[in-house]
Amino acid sequence: MLAARGIIVPNRCCFCNVDLETITHLFFECSYTFNIAKSLLPWLHNLFMRPNIYQLYDSILEQGFKSNTRNYYLLTASTMIYFIWRARNDRLFGGNVDCNVTISAKMRKAVMFKTHDWMTAEFFQPHLRWSLRQPGAMLTYRPIRF
Ligand SMILES: [Zn+2]
């Protein structure tokens, strides 16, 4: 898309500098980013083949997790995709090269902040006003920060 508009973008993966950058390579075939994924989603160690994005989400749903754990891993997968894309753009366009440990730490921090809100909301839910206990109310609820 960018090339069609005359914007020159390198076609090599900016993480491994070996393979052509495709969506599949960037998120799952690249050893650099897949090691990050395996650190966040441990069952990926057991797969014989690298998944694509649909197989990644299917693998979360097939683990038999309870809903809170399933939602945690769905959030983690989405966070992983977002932060790998951010790291890629930071390298290509911002000149900022984070190592895999830093990228992984940013992902864990983002997931921790989001799940902290979930836990806080669940903890205080019995004490919430009636209007906040109605379906959909939690979508806009923002817990008070101490
Ligand atoms: Zn790569």
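Colleague: What should the 28 residues of helix 4 span?
Modeller: This is a predicted model, where local features need pLDDT of at least 70, side-chain atom pairs count only at pLDDT 80 or more, and totals for chains, interfaces and linings use all residues. Residues are numbered from 1 along each chain as its sequence is written. Helix 4 covers residues 67–94 (helices are DSSP runs of H or I, at least four residues, numbered from the N terminus).

Colleague: Which residues of helix 2 are buried, and where do they lie on the helix?
Modeller: Buried means 20 or more other C-beta atoms within 10 Å of the residue's own, with C-beta atoms placed from the backbone. In helix 2 (residues 31–40), that holds for Thr33, Ile36 and Ala37. Seen down the helix axis, they fall within an arc (of the directions from the axis to the C-beta atoms) of 100°, so they line one face.

Colleague: Is Asn17 buried or exposed?
Modeller: Asn17 sits in the segment before helix 1 (23–29). The cut-off for exposed is 12 or fewer neighbours. Asn17 has 9 C-beta neighbours inside 10 Å, so it counts as exposed.

Colleague: Which residues does Ile84 touch?
Modeller: Ile84 is one of the buried residues of helix 4. Contact means C-beta atoms, placed from the backbone, within 7 Å. Leaving out residues up to four places away in sequence, Ile84 touches Leu26, Phe27, Thr33 and Ile36.

Conventions:
Helices (H or I, at least four residues) and strands (E, at least two) are DSSP runs, numbered from the N terminus. The expected span of a helix is 1.5 Å times one less than its number of residues. Two residues are in contact if their C-beta atoms, placed from the backbone, lie within 7 Å.
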